[in-house]
Amino acid sequence: MKPPLAFLVALAAQAPLIVLNWPLRLSGVSMIFGFSLLIAGAWLNIAADRLFRRNGVGVCPFSETPRLITHGPYRITRNPMYLGLVLLLAGIAFLTGVMANAWTAVAYAAWILKSYVMPEEDFLRRLFGADFNQYAARTPRWLGDSSMLRNVIVFLTALVVVGMVLLWAWNTVAVGLFSAPVAQFKHALAFEMGVVALFAVPWLLWRRHTGRA
């Protein structure tokens, strides 16, 4: 099964829980965070695709690869297209508010790691030898280049914060959808901070332990 088709299967797998939780209880902050992940995932795929086509590299797995691409999004991850698809799945889970559907992003990442990422690494290692080994040593499979990654995190954080402020202002001044908008805003913010901490803290500890921080 090709990665795009597997992505559609994983996306369809989110449908049952969405139906069971209908009507959805949408959190404004969760929706903004979901949109941020969707933007990041789409950017990774588009930027990587353009780099491949500009350099004459085949987009399909194991296709013609005349040169090793190490710049652009490939500075922060060796697999920007696959990472982008994972972020898209996670983004949809946040966007719909059905967080249990995040399992599809985890399952997709595990499947694509075994089915494509590791075999493609062997393929590239045979083609480029020491050049690929040096690239792999400085760029992790999923995320790397702390300076560029920091800029991405700052951008996404700013996007979420601005979105939360605008949402709060809209609910408070313009629409008045909630009887206690400030309290609702605080609860949503606390929830999102908890989710970020759940994933970010172990990741940062791992990077420090392996000397990649």
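Which side chain does a polar contact of 2.5 Å join to that of arginine 78? It is the side chain of glutamate 121. Before I go on, please keep in mind that this is a predicted model.

I'll stay with arginine 78 for a moment. You will find it in the loop that runs between helix H3, residues 28–54, and helix H4, residues 80–96. Its relative accessible area is 14%, so arginine 78 counts as buried, the cut-off being under 20%. Glutamate 121 is one polar partner. Another is the backbone oxygen of threonine 139, which lies 2.5 Å from a polar atom of the arginine 78 side chain. Leaving out residues up to four places away in sequence, arginine 78 touches Glu121, Phe132, Tyr135, Ala136, Thr139, Pro140 and Arg141.

Next, the aromatic residues. Searching the whole structure gives eight aromatic pairs. Take phenylalanine 52 and tyrosine 74: their ring centres are 5.6 Å apart and their planes are at 10 degrees, so this pair is stacked. Phenylalanine 52 belongs to helix H3 and tyrosine 74 to the loop between H3 and H4, so the pair ties together parts 22 residues apart in sequence. Both phenylalanine 52 and tyrosine 74 are buried.

Tryptophan 111 and tyrosine 116 form another pair, with ring centres 5.7 Å apart; here the planes are at 65 degrees, so the pair is edge-to-face. Is tyrosine 116 buried or exposed? Tyrosine 116 is buried, at a relative accessible area of 9%, whereas tryptophan 111, at 29%, is partly exposed. These two also sit in a cluster linked by ring pairs, together with Phe7, Phe62, Tyr82, Tyr108 and Phe123.

That leaves the nonpolar cores. In soluble globular proteins, nonpolar side chains tend to be buried together. How many residues does the largest nonpolar core have here? It has 26, and the residues with the most contacts inside it are Phe7, Leu37, Leu87, Leu89, Tyr108 and Ile112. At least two residues of this core come from each of helix H1 (3–12), H3, H4 and helix H5 (102–128). H4 supplies the largest share, 11 residues.

Setting aside neighbours within four places in sequence, leucine 37 is in contact with Leu87, Ala90, Gly91 and Phe94.

There is also a second, separate core, of 13 residues, and among them are Ala48, Leu51, Tyr74 and Ala136. Two of those names have come up already: Tyr74 is in the stacked pair with phenylalanine 52, and Ala136 is one of the residues that arginine 78 touches.

Methods: Residues are numbered from 1 along each chain as its sequence is written. This is a predicted model: local features need pLDDT of at least 70, side-chain atom pairs count only at pLDDT 80 or more; totals for chains, interfaces and linings use all residues. Side-chain values use heavy atoms; hydrogens and water are left out. Helices (H or I, at least four residues) and strands (E, at least two) are DSSP runs, numbered from the N terminus. Buried means under 20% relative accessible area, exposed over 50%, partly exposed in between (1.4 Å probe, protein chains only). A polar contact is a pair of N or O atoms within 3.5 Å; within protein, one must be able to donate a hydrogen and the other to accept it, and residues adjacent in sequence count only if both atoms are side-chain atoms. Contact means heavy atoms within 4.5 Å. Rings of Phe, Tyr and Trp (its six-membered ring) pair if their centres lie within 6.5 Å; planes under 30 degrees apart count as stacked, over 60 as edge-to-face and the rest as tilted. A nonpolar core is a set of buried Ala, Val, Leu, Ile, Met, Phe, Trp, Tyr and Cys residues joined through side-chain atoms within 4.5 Å.
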